[in-house]
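This report examines selected features of the chain shown below.

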Amino acid sequence: MYDYNQLLETIISEIPIKKDCKVYGITFIAPPGIGKTTISRMLADKLGIYITANDKIRRKLEDFNIDPEKESKLVNQLAEDRTIYMLKNNTSMIIDANMRFFYETAMANFNKYDAKLYFLKLECNEEEILRRIDERSTKFGLDKENYSRAGREAYYKYKEKLQNNHFPEELVFFTIDMEKNVEAQVEQFIELLKKDLGE
């Protein structure tokens with residue numbers, strides 16, 4: 001049996017607290033395999049804020065001999081408590097996760113701490129997404145900073161769940177077409193983000 005507080009402490013212990021004047025979060029509306037981690041890294045480099053990844057929690061659980069696939073509620077609870085810890089400490093974040101199914105909880109947490117949450121939608125045709133998933137699957141475990149293990153099965157499960165999901169599209173702050181010049185679109189997003197934050 002695991003100790004929840006010990007798990008949470010392990011996860012939050014490596015988060016740098018910054019005490020930002022304006023606290024905000026960036027998260028994604030995007031399927032598995034499309035490139036959330038790639039965009040997260042680009043944004044982190046340009047904005048200087050920390051990336052929180054649910055896949056990283058899953059890998060940590062494996063270190064404790066806990067199967068993250070059987071403990072999805074635990075993963076979600078740890079992710080939420082990690083976010084709340086950062087909000088309480090006035091620290092902005094990039095949430096490297098698909099928030100399509102958890103947007104209401106996420107928004108409620110950010111509103112409670114008077115922080116802004118920006119939804120960034122990533123788009124790409126299915127054939128290209130599957131190609132990227134297949135390519136990535138050959139490198140699982142090689143890239144120490146990419147914690148995802150999502151394969152085709154995860155993608156098809158995501159598609160099934162979409163049938164019962166009604167994410168309000170008006171919440172999307174910006175959309176990136178992953179088949180076009182990503183760098184230019186990221187720069188455009190950052191420009192709009194800073195304008196909205198009043199910077």
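Is Thr 91 buried or exposed? At 0% relative accessibility, Thr 91 counts as buried, because the limit for that class is under 20%. The model discussed here is predicted. Thr 91 is found in the loop that lies between α4 (72-88) and β3 (93-98). Its side chain reaches the backbone nitrogen of Lys 18 at 3.1 Å. Leaving aside residues up to four places away in sequence, Thr 91 touches Pro 16, Ile 17, Lys 18, Lys 19, Asp 20, Val 23 and Met 86.

Confidence is summarised by a mean pLDDT of 89 for the chain, with 92% of its residues at 70 or more. Among the elements, strand β5 (residues 172-177) has the highest mean pLDDT (98), whereas helix α7 (residues 152-162) has the lowest (75). Where pLDDT is low, the predicted coordinates should not be read in detail.

The structure holds six aromatic pairs. Two of them are set out here.

| Pair | Geometry | Centre to centre | Angle between planes |
|---|---|---|---|
| Tyr 24 and Tyr 118 | edge-to-face | 6.4 Å | 75° |
| Phe 174 and Phe 189 | tilted | 5.8 Å | 45° |

The tyrosine pair links distant parts of the chain, with Tyr 24 in strand β1 (residues 24-29) and Tyr 118 in strand β4 (residues 116-123), 94 residues apart. Both Tyr 24 and Tyr 118 are buried. The phenylalanine pair joins Phe 174 in strand β5 to Phe 189 in helix α8 (residues 182-197), 15 residues apart. Phe 174 counts as buried at 10% relative accessibility, and Phe 189 is buried with a relative accessible area of 0%. Together with Phe 173, the residues Tyr 24, Tyr 118, Phe 174 and Phe 189 form one aromatic cluster.

Methods:
Residues are numbered from 1 along each chain as its sequence is written. This is a predicted model: local features need pLDDT of at least 70, side-chain atom pairs count only at pLDDT 80 or more; totals for chains, interfaces and linings use all residues. Side-chain values use heavy atoms; hydrogens and water are left out. Helices (H or I, at least four residues) and strands (E, at least two) are DSSP runs, numbered from the N terminus. Buried means under 20% relative accessible area, exposed over 50%, partly exposed in between (1.4 Å probe, protein chains only). A polar contact is a pair of N or O atoms within 3.5 Å; within protein, one must be able to donate a hydrogen and the other to accept it, and residues adjacent in sequence count only if both atoms are side-chain atoms. Contact means heavy atoms within 4.5 Å. pLDDT is the predictor's confidence in each residue, from 0 to 100. Rings of Phe, Tyr and Trp (its six-membered ring) pair if their centres lie within 6.5 Å; planes under 30 degrees apart count as stacked, over 60 as edge-to-face and the rest as tilted.
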